[in-house]
Amino acid sequence: MAEKKPALKCPICGKPADLNTSASPFCSARCKMIDLGKWLGEDYRISEPLRPDHFVEFEELSGDGLDAAERR
Ligand SMILES: [Zn+2]
């Protein structure tokens with residue numbers, strides 16, 4: 001029986017990674033730490049929060065046209 005292992009490459013350096021290591025899916029603990037540091041750096045860049053002036057355009061919508069539709 002041929003054992004088919006999926007080809008796993010280290011996302012950091014691209015070297016073949018060993019699934020049996022504790023650093024998986026990275027090839028080494030060093031690459032694991034590099035990836036962790038990358039995530040921590042990007043997580044602090046949060047997208048722009050919602051502000052009240054984002055909703056101003058909705059206030060211009062009104063029901064003025066409803067009365068006219070009732071007239072005969
Ligand atoms: Zn690596």
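**The zinc site**

The chain holds three helices and zero strands (DSSP runs of H or I with at least four residues, and of E with at least two, respectively), and its pattern along the sequence reads α-α-α. This is a predicted model, in which local features need pLDDT of at least 70 and side-chain atom pairs count only at pLDDT 80 or more, while totals for chains, interfaces and linings use all residues. Residues are numbered from 1 along each chain as its sequence is written, and side-chain values use heavy atoms, leaving out hydrogens and water.

At the site itself, the zinc ion is coordinated at 2.3 Å by the SG atoms of C10, C13, C27 and C31, where a donor is an N, O or S atom within 2.8 Å of the metal. Along the chain, these donors follow the spacing C-x2-C-x13-C-x3-C. The arrangement is tetrahedral because the four donor atoms subtend angles of 101 to 116° around the zinc ion, and four donors count as tetrahedral if all angles lie between 85 and 135 degrees. For comparison, the ideal angle for four tetrahedral donors is 109.5 degrees.

C31 is buried, as its relative accessible area is 3%, whereas C27, at 25%, is partly exposed; here buried means under 20%, exposed over 50% and partly exposed in between, with a 1.4 Å probe and protein chains only. In the chain as a whole, buried residues make up 8% of the 72 residues.

Notes. Donors are N, O and S atoms within 2.8 Å of the metal (3.2 Å for Na, K and Ca); water is not among the atoms, so sites may look incomplete. Four donors count as tetrahedral if all angles lie between 85 and 135 degrees; four count as square planar and six as octahedral if opposite donors are over 155 degrees apart and all others between 65 and 115; anything else is irregular.
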